[in-house]
Amino acid sequence: MSVTPLAAHPSARPTAAFRGRIGRDARSGHYAVPRRYRLHLAAADPDCLRIAVTHSLLGLDKACPVTFLPAVPDCPDGGHSALRPLYDASAHRYTGPALAPVLSDDWSGRIVSSHGPDIARDLARRFGGGRPTLYPCGAESQIEAVERMCAQGVEEAAQRAGAADIEETERTAALDTLLTTLGVLERGLGAHEYLISDQITASDVELWVALVQLDTVHRYHLDAAAVHRIADHPALWAYAGRLAAHPAFGAHLDLDAIARRHHARCQGLEAAGAAVQILDWETHAADGSAVRPQVNRP
């Protein structure tokens with residue numbers, strides 16, 4: 001489908017403390033060497049879930065090992081105690097929370113990056129060798145447009161539509177934005193199996209995680225009428241179900257962990273939409289369990 005780019009908009013993501021990149025060769029300092037790097041992920045976090053799916057699609061289990069963290073951070077500031085030594089080693093007197101995702105360098109014992117989109121791109125671009133092309137040549141602008149569409153038109157709009165402390169007119173406008181975005185995606189997916197290509201790309205990972213968040217997190221703060229309108233996009237939710245059955249996606253879909261993370265962080269009120277599940281994620285994920293790789297978590 002053709003994706004119309006949205007205007008740039010500030011991201012709701014926390015500012016990443018580290019923004020190193022993996023380069024093409026040794027001149028860049030950080031360059032692609034098998035088993036040099038390690039990922040630290042809490043798959044209940046949407047940024048980490050995107051990276052985990054990307055990592056599995058690329059088949060990087062041996063080239064770049066993963067350490068999975070608990071769904072709910074164990075530090076009062078929202079960070080992970082297991083990541084604190086890496087943060088302390090990477091920044092003098094670092095005082096912020098030790099957040100996931102993290103890509104660390106085992107050679108130096110320091111962090112390369114804590115910026116999710118950069119990590120996903122570098123994994124896909126620097127660890128090639130016949131692996132799937134998640135960022136096809138010439139498709140970068142479309143992928144970036146999908147990222148903004150998901151961030152603004154789905155996740156941010158759903159958050160505003162479910163917020164307890166806003167005016168009704170703002171809530172209605174946010175729901176309209178969400179439904180308009182879903183309508184655009186529905187029309188595109190009605191004629192195509194994947195979002196921008198005839199194969200899975202990074203845009204599909206982005207959209208799938210946004211839909212997971214919409215149904216397992218944001219739904220809890222919307223009334224039943226709004227949830228029914230969101231659910232009334234059959235091509236979109238069928239697409240979400242197909243991807244959930246794919247081993248690289250479903251292996252990382254831990255609904256219990258997402259629920260625990262949400263309830264630990266949530267400050268808002270729950271609405272009637274909490275009782276209306278849009279997609280039976282567990283059933284779809286089970287469809288691919290025969291070929292699903294084992295994912296070990298604490």
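Author: Arg19, Arg21, Asp118 and Asp122 are linked in a network of salt bridges, where a salt bridge is a side-chain nitrogen of Lys or Arg within 4 Å of a carboxyl oxygen of Asp or Glu. The model is a predicted one, in which local features need pLDDT of at least 70 and side-chain atom pairs count only at pLDDT 80 or more, while totals for chains, interfaces and linings use all residues. Residues are numbered from 1 along each chain as its sequence is written, and side-chain values use heavy atoms, with hydrogens and water left out.

Across the whole structure, the search finds 17 salt bridges. One of them joins arginine 261 to aspartate 45, with the closest N and O atoms 3.0 Å apart. Arginine 261 belongs to helix H10 (residues 255–265) and aspartate 45 to the loop between strand S1 (37–41) and helix H1 (46–58), so this contact ties together parts 216 residues apart in sequence. Helices (H or I, at least four residues) and strands (E, at least two) are DSSP runs numbered from the N terminus. Arginine 261 and aspartate 45 are both buried, a word that means under 20% relative accessible area, whereas exposed means over 50% and partly exposed lies in between (1.4 Å probe, protein chains only).

Arginine 50 meets glutamate 155 at 2.9 Å, N to O.

Arginine 219 forms a salt bridge with aspartate 215 at 2.8 Å, N to O. With a relative accessible area of 6%, arginine 219 is buried, and aspartate 215, at 1%, is buried as well. Glutamine 213 lies in helix H6 (residues 202–216) and counts as buried at 5% relative accessibility. Leaving aside residues up to four places away in sequence, glutamine 213 touches Ala44, Pro46 and His218, contact meaning heavy atoms within 4.5 Å.

The structure holds seven aromatic pairs; rings of Phe, Tyr and Trp (its six-membered ring) pair if their centres lie within 6.5 Å, and planes under 30 degrees apart count as stacked, over 60 as edge-to-face and the rest as tilted. Among them, phenylalanine 18 and tyrosine 87 form an edge-to-face pair, 5.5 Å centre to centre with 65° between the planes. Phenylalanine 18 lies in the segment before S1 and tyrosine 87 in helix H2 (residues 84–90), so the pair ties together parts 69 residues apart in sequence. Phenylalanine 18 and tyrosine 87 are each buried.

Tyrosine 31 and tryptophan 107 have ring centres 6.3 Å apart and planes at 80°, so they too are edge-to-face. Here tyrosine 31 lies in the segment before S1 and tryptophan 107 in the loop between strand S3 (102–105) and strand S4 (110–113), so parts 76 residues apart in sequence are tied together. Tyrosine 31 is partly exposed at 23% relative accessible area, whereas tryptophan 107 is exposed at 53%. The ring of tyrosine 31 also has a charge over it: the charged end of arginine 36 sits 5.2 Å from the ring centre. Such a placement requires NZ of Lys or CZ of Arg within 6 Å of the ring centre and within 35 degrees of the ring normal.

S3 and S4 form a hairpin with four residues between them, and glycine 109 in the turn has a positive phi of about 75°. They pair in the antiparallel sense over three bridges; two strands pair if DSSP finds at least two bridges between them. Serine 104 has isoleucine 111 in S4 as its bridge partner. S3 is also antiparallel to S1, to which it is joined by four bridges, and histidine 40 stands opposite valine 102 in S3. In a regular strand the side chains alternate between the two faces of the sheet. Val102 and Ser104 point one way from S3, Leu103 and Asp105 point the other way, and all are buried.
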